[in-house]
Structure formats: structure tokens, C-alpha cells
Amino acid sequence: MPGGRPAVGASAYAGGMTPSRTTATPDPATLPAPSPGSPPAAAASGLAGPRSGDARTGDARTGDARPGVRGAAPGAGGAEARPVELTAAEARRIALRAQGLLGAPDRRAGVPGLLRHLGAVQLDTISVLARSHELIAYARLGAVGRPVVESAYWDGRSAFEYWAHAACVLPMEEWPLFGFRRRAFVARGRRWHRMEDAERSCAAVLDRLRAEGPLTATELGGAKNGGPWWDWSETKIAVEWLLDTGQVVCAERRGWKRVYDLAERAVPAELLEQDPDDASCLRALVARAGSALGVATEKDLADYYRLTVDQVRAALPESGLLPVRVEGWGRASAAGAGTGAGARRAASGPAWAAPEALATEPRGRHRTTLLSPFDSLVWDRARTARIFGFTHRLEAYTPREKRVHGYFAMPLLAGGRLVGRVDPGREGKTLVARQIGLDSAKDVPAAAQALREAAEWVGCTAVRVERVRRPELAAPLAAALA
């Protein structure tokens, strides 16, 4: 943002990840707590600076002479002012910083801090270079040891697994916030599997856990009936139902197997005692989604924790998020609207931003890295297309002959943009790029860097490229990797 956005009431992070998720055991009704030194949402009218290239210290358009202000939160100063306007590039940088991919990584907070910052890390069984939850940490923190990642997620105290965007690992302090979803399961009365004798089966599982301590499904009697993977045993259905409804928790894994324990043992008492109502849960989760995304539409906010748009709309007024408009996020302007500033405004769309996202200009080094397809930067395809102009879908479940980019094609992030894809594999100590697609020749150095760094992280000593979708880039890439 040329011209420099003044840090009016700026929070204590500059170019790094926001520390707003690092507070211990906050009150769910007020989550997320503001960063140290950051302005409270009620004082948010001083959070945004001038438009790109605007050197004025005030804004004649709004009659506001305060430095850096070009919009105010509804109700600030007794009137509803025009929302802050963001360019598409500003929104992209805000999103990257909010996701921990722009600026210096917070290595002191490490993986636990990253998990609190993102609020949710999606889990998946596919493992190519590494499992997705490991790739999330690697993309942001660099070559952090894989055992360090595992211990941070599953030490039995700091995190738990539950349904968020999908099956996710979540920071333990979010336990109270999913009370609304646990109650919804109870109200529905069942999951997609049915038990032959739910009362007896659930009681048997609870008795075993109470008497023997944390157990896997295998230790409880077996997870499958012997058919396909979804043919669960009665015991497996029972323990998963108990997890859905909050009587049982998974806060640990052994060899990728869930370890189940009683909630009364696994969840700290001060969190277990909290029972916020549905409205408080939703308000806090919408605020957390906004903080993790930086700037987002209502649908973006809903997708982060798989809420409904109606739930988001009901929670927004008291969420602390600020209304903004983002260039290019609206419908195309009407014919004849012109091509100047008026047309750009017409094509802008409504969105919401976290106060800390507007407090300082996103600055710092961009990460060059391969991203998991399940990374929260790209897990929402519509948002990814809108922000990066990049269409991506996981093809792991697409028949081989119909795949375009490969089984586990990983988006390549470089310079704050998604510039290509790599479908990786491993053969012994060699990282194999089965297919690489790049936007242009200028992206070759970034691809080579990302491949070398990923290979080193997973213990490979060589990189081999099998196919480059643009043949003219094959030789330059081979030279860059040499």
C-alpha cells in the first residue's frame, strides 16, 4: 500500500502473526481478545488509513480530519459511516498475513501458537510428502521437526479433535465454543451411522474408559465389522457418537489412531464448566474466523467453521468485525457504468474485516512454499479464486485418467501469489515432482526453491521432475534444481 498506512491505534504485531489467539482460557462471550496494545472493537473508527497512494492526512470525502480514517464502524460517532474501502491487492495481503504467510513467523509461539492463531487445522488421512496437518505448520514455520508438530497437536492437553471446517484439530480453549454443535447432535439424536442398542453400547464404552483410561477404538473392541472402511462396528459408532456429543474427547493419537478419553479427564475443569449459549458460541466463532481470514465475505466466514450464512449474519453485529468493501468482490458493474473509479466502486463487494487486520499495513517477507490442498488459505475454492484468481481442486478422488494436475497437487505460493502446482511423490530418498504446472518462466526459481526445501524437510537428498506442463520450462527448472 504505497504512501504508508499510519498505524492509528496499531496493535503490537508488525508484519507477523497476530497474537490475538494466545490468551489463556478466555471468556467465550468475548472471544477473541484483542492483541496487547490493539484498539478494542468499540474504538474501531481509527483503524484504517488512506487509500493506496493517498497522502492526505484526513479524508475530505467524509469530512473526517483524523489521520488515516476513511471509514467508521456502524454506530461510531453516533452515525453509520461508509465502510472502509480496500483494493484487491490490500485484501490479498491482509488475508496472507492473517493466515501467517506474510511477515516473520512467530517461532517463539511455535506450533501451539500457530494452532491458536489459525483456530483450526484440517486433518486428512492422505500422506504424500507428509500428512496435511504437518504441511500446515511447515508452510508457515519452515522446517520445524515433524515430531514437534505431532507433540504440539496431540500432547493430551493443548488441543482436541472435532468437527469444524471438517475434521480438525482445535486449540483446547475452543472447547466451550463448540457447545452449540454438540447440542445440535444431541437434538438430532444420531449421527449417520445407527446403533443396534445405543444405550447399552454407549454405557459399555464409558465404563471401559472410566475403568481403564484412554483407549483406541481397537482397544475398545475393534473399529470395523470386516466390510468397507465405513462399515463401522457398534463400538466405533458408540464412541464417535459420544465424541460428537461431548462426553468423550480425542486429545491424542497413537500411530494415527484416535485415542478416546472422558471429557471430564481430558478437558480442563475451567473450560468444562463453561457453557455459553448458542448465540455466544456463534459470535465468538465468527470473530475467530474473521481474525484468521483477515477480511472475508459472509460466506467465507461461514465456511471456516461450517456455519450457516444465517448464523453468521445473526452473529456479526456483536462480533467486533468491521464492515468493508473490497474491489472486485462484488458483481460486475452495470453496462455503461464506465471504467473509472466509479466503475471500480460499483464492482466492489461487501465484506468484514478483523480490527487488527486494518490496524497496520501488512508488510514483511512472503513465504515461498508448497501448500496442502487442505490448507486454510485455499480450502475454500470460491474464496481462493476471488483473492488469487486461482482455481484449484483436490483430484485424489478423481479417476486417474480424468486428473488434470495430479493426485495431490499442491499449490505453489510465491511472492504473495499462487503461481503454480506441484504433484509430489517420494521414492526412497528422492522427492519426485510427477507433474509441475507454472504460470510463467519467472516462477521457475520459486518452484526450485520450494522443491529443494520440501525435500530437505522430509529427509530426501534429491529432487526429480517427471513432467512440466509447459515443456519450454523444463530445461530452466532442471538448471535451477542442479
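Start by selecting Arg92. Arg92 touches Ile387, Phe388, Gly415, Gly416 and Arg417, where touching means heavy atoms within 4.5 Å and residues up to four places away in sequence are not counted. This is a predicted model: local features need pLDDT of at least 70, side-chain atom pairs count only at pLDDT 80 or more, and totals for chains, interfaces and linings use all residues. Residues are numbered from 1 along each chain as its sequence is written, and side-chain values use heavy atoms, with hydrogens and water left out.

Now show helix α1, residues 88-98, which holds Arg92. Helices are DSSP runs of H or I, at least four residues; strands are runs of E, at least two. Is Arg92 buried or exposed? Arg92 is buried, meaning under 20% relative accessible area with a 1.4 Å probe, protein chains only. Arg92 has no salt bridge (a side-chain nitrogen of Lys or Arg within 4 Å of a carboxyl oxygen of Asp or Glu). The nearest side chain of opposite charge, Glu327, is 10.0 Å away.

Next, select Val324. Its contacts include Pro83, Val295, Trp352 and Leu358. Val324 is also among the residues with the most contacts inside the largest nonpolar core, which has 96 residues. Such a core joins buried Ala, Val, Leu, Ile, Met, Phe, Trp, Tyr and Cys residues through side-chain atoms within 4.5 Å. Colour helix α11, residues 278-293: it gives the most to this core, 8 residues.

Last, select strand β4, residues 167-171. β3 and β4 pair in the antiparallel sense over 5 bridges; pairing takes at least two DSSP bridges. Trp163 has Ala167 as its bridge partner in β4.

Technical notes. Buried means under 20% relative accessible area, exposed over 50%, partly exposed in between (1.4 Å probe, protein chains only). Lys and Arg count as positive and Asp and Glu as negative; His and the chain ends are not counted.
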